[in-house]
Amino acid sequence: MTTLANELKPRAAGPLSGLAWQPRRAAEALEALALRAGLPLPRTSGRVVGGLPEDPNRLGEWLDAVAQSQGLELDLLYTRHGEVEKAIQRAAPALLDVVGDGGVQVVALLRVSPSGRTARVLAPDETVRDVPVSELTAAVQALVEFQQVDTVDRVLAGTALREPQRTLARRALMGAQLANTHLVAARTLRLPPGARLIHHLKALSAAPRLMLVLLLAVLIQVCVLAAWWLIGRGAFEGQLDQGWLWAWALMGLTAVPLQAALAWTQGTLALDLSALLRRRLLAGALSLPVDEARRGGIGEYVGRTFESAGMEQMVLAGSFTSMLAVVDLTLAASVTLSGPAGWLGLGALAACCAVLGVLVARQAVLFRGWTEARVVMTHALIERMLGHRTRLAQEQPSRWHEEEDQELARYSDAAERWDAGTARIMTLARRGILPVAIIATLPSVLAGSSTATIAVGVGAALLGARAVTSMTVGALALIGSRVLFDGVRPMLEAARLARAVGATKEDEDGVPQVAPLTSSEAPSRNQALLEVRDVYFKHPASPRAVLEGASLSIRPGERVLLEGPSGSGKSTLASILTGLRRQGSGVVLLRGLDMSTWTSDGWGAQIAGAPQFHENHVVSGTLAMNLLLGRAWPHTQDDMKLARELCEELGLGDLLQRMPAGILQMVGERGWQLSHGEQSRIFVARALLQRVQVVVLDEAFGALDPVTMRKVMNCVNARAPTLIVIAHP
C-alpha cells in the first residue's frame, strides 16, 4: 500500500460526518475514550515529546506513544478485508482508522450493541452517537480498497447495472479481489499486562463480581438451611402437612437458579482472571532479562512455563473453593453455636481446622519437591533433544538412560510422598470432623435435649464436615499455587518492569515519565545524540565487572568503531545501548533523556542493533517478514519496495532471483536454507529497515568476503543516520 496521503480519496459526507476525529486530535480521542469507557488510568507523569508525524503511516506509532504515556496500550486487531465487521464487533473500546469526508480520520468506538448492528461512538464534541456497524466497516475497508477501485470501476463501466445492484456488485468484486488482504481493523484500548494488578481488577469489575459470588453463595446456604429447618421441624413436631412440604420444595427450587447464577458468575470471572494471568506471563516471558534467561536455560524455562498452567488452575480453583468454604464454615459455626453442642462444638470445629492447617502447611514441602522433580525432568529432556546428535556420537549406548532412570525414580518418590500425605489429610477432613462433632453433642443428648435440638446438632455436624472438606481442598490448591508461583515469579516481575527500559522494582507502575519521541528529525550536530557516562556492569555469576567507568559521546551522523579483545565488554555495551540489558550503575542518555524515562518501545524506535550471529535468528516465515520485523504489519507496498532495494544494495539480489517467490519466499527451518553470510546481511538489513536514529552492528561482517563486505559497508554508511560498529582489532 502506497502512502495514504497520496492515494486515499475523501468519501462523500455520510453517517460518519461529524463523528470522526481529525488525526491531530487523536490523542484527545484516546484519552476521552478511556475515560468514557471507565478504564482506570494509572498514576503516571508520562508525556509525549513531539507532535503528530508528517507520515500518515506512522500515526499508529504515535498513538502507541500516547497510550503508553497514559499507562495504557493499543492492541492492534489485524484481520482480512472481508472479516472487518466481525472484528469491529469484538474490538470495543477501540480507535478505528477510517476514510471519511476529510480523508484518513479516527473514530472512537465505545461499544457495540448486543445485536452487532449498531455501534456507539464518541464524537469530537464528546457526545455519544449511534452509527450502523456496516458504515464503520465500509469506512475501515476503504483503507485498502483504493488498490482495486480503478480495476473494479472499469469492469462495472462495461455493464448496464443500476443502483442498488451496481453497489452490491461493486462490493462483491472488491471482496473477491481483496479476500486475502490484511489490514488493521481496530486498535483496542486496554491496560498493559504489566500494569498494577489493582488497575486490572478494577477494569474487570472484579470486586463487584466477587461480592455477587459471595452473595449468591450465602443465599444458597440460607435456602438449604431453611429447607432443613422446615422439613426437620415439620417431621419432629408431627406437622408435616402439605403446606410444610410446599415450603420445603420452594426452598429447594429457589436454590437451583441461584446455583446456576453462581456457576455462571464464578466461571466468567475465572475466565477473565485466567486470561489476565496468561497475558501477564506471556509478556513477562518475552521481557525476561537476557542474563536471567540464559542462567536457567531454555529447558528450565519451558518447564516452568508448563507449570504456570497448573498454577493458573490451582490459584483460581483454590481461591473460589476456599472463599465459598469460608461461607459454609461461617454458617456451620453459627448453627453449631446455636445447637446442642454450643461452645464445645465450636471449639472442636476450630481444633479440627487448626490440625488440618498444620498438616496442609507441611504439604508445601512435599509439593515443592514434586514440582522441582518435574521441572528437572522437562529441562533434561529438552537439553537432550537439543544435543541429541552429540550424545549419539560421544556417549555409550549402554549409559543413555541412566540419568533418565534416576530422574524418574526421584519423581516417583516425590509423587508418592505427596499423594500419601494428601490422602491422609483428605481422609481426616472427610471423616474426622463427624465423630468429633457428634461427641460434642453427647452432653446435651444425655441431658435430655429435644429431638429437634439433636437434629440441629446433626445438621451442624454434616454442614461442618462439608465446609472443612472444601476448605482443605482449597487450601491444598492454594499452597500448591504458592509453590508454583515461586517458579514463575521472574516472568511476572519482568512483565511489571517491561514498560520502561530502565525501570526498577521500586517503580510503582513501571510507566516511564517520557513516552517515545516520534519525531524522525535528529538533534543538532552540536548536541550529543547518545551519551554513556561511567557505566558499570557485572554479570550475576561473574566475580569481576565487565564494564567499569565506560563513557562515550556520539553526535548525529557520526560513525564510531569500537575495538577490543574478546571478553572486553564490547557486546555487553552494545546490549546496553540497544536496551537488552540494564546497566548496573551510570547514566545512558538518548537525546538528553535518561534510559529510565523511556519506554522499551520508545528506546527501540530510536536505536536498533544487529547482535552477534549466535544471538540473532532467522525465524520460520517469509524473507519479507524477517527483514521487516521492526515495522508494523501488514507491510505496505513502500515497505516491500524498500526491502527489495536494500537487498540489492547488500548483494542479495542473486538470492532473490533464485528464490521462486522472491522476497515472499519462506525461509528458516522449513523454508529456503540461507548461508552464514546471507543470514548476516539479512540481520544488517533488518536493523537498517527499522527507521531508527542509531544503528549498532556487533561483529556483523565476520562471515563476509572482502568484496561483499565493501559493498555492505557502503550500503550501511549510506543508510544509517548514526552508526556504531563493533569489531575485533
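At 4% relative accessibility, Thr 371 counts as buried, a word used for residues under 20% relative accessible area, with exposed meaning over 50% and partly exposed in between (1.4 Å probe, protein chains only).

A word on the model. It is predicted, so local features need pLDDT of at least 70 and side-chain atom pairs count only at pLDDT 80 or more, while totals for chains, interfaces and linings use all residues. Residues are numbered from 1 along each chain as its sequence is written, and side-chain values use heavy atoms, leaving out hydrogens and water.

Thr 371 sits in helix H12 (residues 342-386); helices here are DSSP runs of H or I, at least four residues, and strands are runs of E, at least two, numbered from the N terminus. Leaving aside residues up to four places away in sequence, Thr 371 touches Glu 307, Val 483 and Leu 484, where contact means heavy atoms within 4.5 Å.

Now please find helix H22 (residues 676-688). Of its 13 residues, 12 are buried, among them Phe 683 and Leu 688. What covers them includes strand E12 (607-610) and helix H23 (706-719). The end C-alpha atoms of H22 are 19 Å apart, which agrees with the 18 Å it should span at 1.5 Å a residue; that expected span is 1.5 Å times one less than the number of residues.
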